[in-house]
Amino acid sequence: MDAIYIPQLTRLPERTATVSFDESLPDLETLTPVKGYLQVKHQGNYLDVFAKAETILTLTCHRCLKHYNYRLEIEPTELIWLNEDSPTEPNATDLEIALEDLVESLSPQGYFQPTDWLYQQLCLEIPQKQLCSHDCSGIEVNQKVAKLPRPTVDRRWASLEVLKNQLPRQN
């Protein structure tokens with residue numbers, strides 16, 4: 001998706017740009033292309049951004065480590081403030097930002113990057129707890145492996161073990 005020049009939005013009907021997409025996003029491994037649309041509306045001193053997108057990801061279950069497919073559907077919305085003090089370069093990372101300035105803002109003379117914004121929104125919706133099913137029992141432990149004898153204590157730690165036995169036990 002091409003970047004949207006913010007001053008150009010004011011010349012569009014209803015000050016709104018709508019972008020339909022059906023493509024793979026860089027840095028996001030998906031089974032299917034990301035499909036949907038994104039709408040950016042210029043509201044004077046802020047942009048009102050809305051999207052509807054869907055794709056299918058292959059995730060790894062955190063319990064049993066099996067791969068499974070997950071349908072990711074999002075409908076994010078965000079207000080992005082237009083601020084003259086915002087950097088016009090997208091990679092200006094050397095700025096010192098005050099705590100009260102931790103809101104998304106762009107320069108009114110800059111560009112809105114729909115691909116980056118959509119990538120961020122998709123990543124935020126990937127589940128933190130990835131389970132292939134609610135009743136996943138996890139990795140099955142082989143009983144033969146569970147009954148292996150315990151390894152002997154490394155002889156280099158023998159002196160520490162003697163010292164540990166001399167200390168009074170605490171309950």
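**Exercise 1. Classify E54 in this predicted model as buried, partly exposed or exposed, and then describe the salt bridge in which its side chain takes part.**

Solution. 

Step 1. The relative accessible area of E54 is 31%. Buried requires a value under 20% and exposed a value over 50%, so E54 is partly exposed.

Step 2. The side chain of E54 meets that of R71 in a salt bridge, with an N to O distance of 4.0 Å.

Step 3. This pair links distant parts of the chain, since E54 lies in strand 4 and R71 in strand 5, 17 residues apart.

Step 4. R71 has a relative accessibility of 47% and therefore counts as partly exposed.

**Exercise 2. How many salt bridges does the structure hold, and what does the pair K52 and E75 tie together?**

Solution. 

Step 1. The structure holds two salt bridges. As background, side chains of opposite charge can pair when their charged atoms come close.

Step 2. In one of the salt bridges, the side chains of K52 and E75 meet at 3.7 Å, N to O.

Step 3. K52 belongs to strand 4, whereas E75 is found in the loop between strand 5 and strand 6; the pair therefore ties together parts that are 23 residues apart in sequence.

Step 4. With a relative accessible area of 40%, K52 is partly exposed. E75 reaches 51% and counts as exposed, because the limit for that class is over 50%.

**Exercise 3. Describe how strand 3 pairs with strand 2 and with strand 4.**

Solution. 

Step 1. Strand 2 covers residues 16-23 and strand 3 covers residues 34-42; they pair in the antiparallel sense over eight bridges. Within this pairing, D22 has K35 in strand 3 as its bridge partner.

Step 2. Strand 3 also pairs with strand 4, residues 46-60, in the antiparallel sense over eight bridges. Here V40 stands opposite V49 in strand 4.

Step 3. Strand 3 and strand 4 form a hairpin with three residues between them. G44, in the turn, has a positive phi of about 95°.

**Exercise 4. Which residues touch the most other members of the largest nonpolar core, and which element gives the largest share of this core?**

Solution. 

Step 1. The core has 30 residues, and those that touch the most other members are L38, V40, L47, V49, F112, L118 and L122.

Step 2. Elements that give two or more residues to this core include helix 1 (6-9), strand 5 (67-74), strand 6 (77-82) and helix 2 (114-125). Strand 2, strand 3 and strand 4 are also among them.

Step 3. The largest share, six residues, comes from strand 4.

Step 4. For L118, leaving aside residues up to four places away in sequence, the contacts are M1, F21, L25, V34, A51, A53 and I74.

**Exercise 5. How many aromatic pairs does the structure hold, and how are the rings of Y5 and Y111 arranged?**

Solution. 

Step 1. There are four aromatic pairs in the structure.

Step 2. The ring centres of Y5 and Y111 are 5.0 Å apart, and their planes meet at 45°, so this pair is tilted.

Step 3. Y5 lies in strand 1 (residues 4-5) and Y111 in strand 8 (residues 111-112); the pair therefore ties together parts 106 residues apart in sequence.

Step 4. Y5 is partly exposed at 32% relative accessible area, and Y111 is partly exposed at 46%.

Step 5. The rings of F112 and W117, with centres 6.3 Å apart and planes at 55°, likewise form a tilted pair. Both F112 and W117 are buried.

How values were computed:
Residues numbered from 1 in each chain as written. Predicted model: local features only at pLDDT ≥ 70, side-chain atom pairs only at ≥ 80, totals over all residues. Heavy atoms only, no water. Pairing = 2+ DSSP bridges. Helix = DSSP H or I, 4+ residues; strand = E, 2+ residues; numbered from the N terminus. Core = buried A, V, L, I, M, F, W, Y, C linked by side-chain atoms within 4.5 Å. Buried < 20%, exposed > 50% of the residue type's maximum accessible area, 1.4 Å probe, protein only. Contact = heavy atoms within 4.5 Å. Phe/Tyr/Trp six-rings, centres within 6.5 Å; stacked < 30°, edge-to-face > 60°.
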